[in-house]
Amino acid sequence: MLDVQEIHGYYGKSHVLQGVSLAVGEGELVTLLGRNGAGKSTTLKAIAGIVQPKGPKGGGRVVFRGKHVAGMPPHRIAAEGLCFVPEHRGIFKLLTVEENLKLAARRDSPWQLDDVYRIFPRLRERRSNGGAQLSGGEQQMLAIGRALMNHPRLLMLDEPVEGLAPVIVEEIVAQLKVIKAAGVPILLVEQNLQVCTQLADRHVIIEQGRVVYTGSNDAFRADEAVKDRYLGVGLAA
Ligand SMILES: Nc1ncnc2c1ncn2[C@@H]1O[C@H](COP(=O)(O)OP(=O)(O)OP(=O)(O)O)[C@@H](O)[C@H]1O
Ligand SMILES: [Mg+2]
């Protein structure tokens, strides 16, 4: 489905991604973990084409549904169905919830307005509210709802529950389970290990722009040493 091979990425001269390889299979949910500054967001941006992969061997390969997408502009990559929901959510604050959703609509998407409202009942309640009037959790739901309207073949989410109250976190986790159960593969960057282990099939840990661990959810849950070593005590679930 998504196969990322040895991607390199830079901010100026700083070599932030030093050959990251990972894969997400059909229907799979993979979390990308690592300490602050490890390169998680940059990895998603490089896959989405927002940071151009460059360096050895052209900066690496990103193959999505059989197509080489590394080097394409972000809008072309998005049009392939590789859908990135960035950390700061990118919703239009001056538009209403429903206008935000309709702007992202694609006729061929299996998720139309009512389907999104079914997954996110709060968005239906808030359909006429402006984007700026939404809580952080509602903004996140709207960002994910917009991605669904746009016919994602894979979703990449950067810290979707960061800073949200525990009840809202639970709500979003349940919603992500519904989306996963519908068959949408997800690459999730998340620091909350309880969230990660509830959702993921597999985990990938990066450190200083390199993959240092990959394991199944069961293996990861059982492995306290790996959590301590790569994620630090503050994060242990
Ligand atoms: N726009 C930028 N310009 C220069 N350096 C950047 C930029 N964005 C990130 N960096 C640096 O690149 C490295 C990787 O950052 P990145 O945001 O990918 O980390 P992260 O794993 O997502 O961290 P966090 O957990 O804090 O979100 C860090 O050292 C960061 O300081
Ligand atoms: Mg980040």
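**Charged pairs and a sheet**

Modeller: This is a predicted model, and a search of the whole structure finds 12 salt bridges.

Biologist: Nice! What does Asp114 form a salt bridge with?
Modeller: Its partner is Arg124, and their closest N and O atoms are 3.7 Å apart. The pair links distant parts of the chain, with Asp114 in helix H4 and Arg124 in helix H5, 10 residues apart.

Biologist: Okay, which side chain meets Asp201?
Modeller: That would be Lys180, in a salt bridge of 3.3 Å from N to O. Asp201 sits in the loop between helix H8 and strand S9 while Lys180 is in helix H7, so the pair ties together parts that are 21 residues apart in sequence.

Biologist: Where do Glu224 and Lys227 lie?
Modeller: Both are in helix H10, three residues apart, about one turn of the helix.

Biologist: Is Lys227 buried or exposed?
Modeller: Lys227 counts as buried because its relative accessibility is 6%, under the 20% cut-off. Glu224, on the other hand, is partly exposed at 41%.

Biologist: Switching topic: what order do the strands of the open sheet have?
Modeller: The four strands go S2-S1-S4-S5, with antiparallel pairing. Strands S2 and S5 are the edges, each pairing on one side only.

Biologist: How many bridges join S1 to S2?
Modeller: Eight. In one of them, Leu2 is partnered with Val24 in S2.

Biologist: And which strands does helix H1 lie across?
Modeller: Helix H1 lies across S1, S2 and S4, running at about 110° to S1.

Definitions and conventions:
Residues numbered from 1 in each chain as written. Chains lettered and ligands numbered in written order. Predicted model: local features only at pLDDT ≥ 70, side-chain atom pairs only at ≥ 80, totals over all residues. Heavy atoms only, no water. Pairing = 2+ DSSP bridges. Helix = DSSP H or I, 4+ residues; strand = E, 2+ residues; numbered from the N terminus. Contact = heavy atoms within 4.5 Å. Axes fitted to C-alpha atoms, helices over the stretch in contact; angles between N-to-C directions. Salt bridge = Lys/Arg side-chain N within 4 Å of Asp/Glu carboxyl O. Buried < 20%, exposed > 50% of the residue type's maximum accessible area, 1.4 Å probe, protein only.
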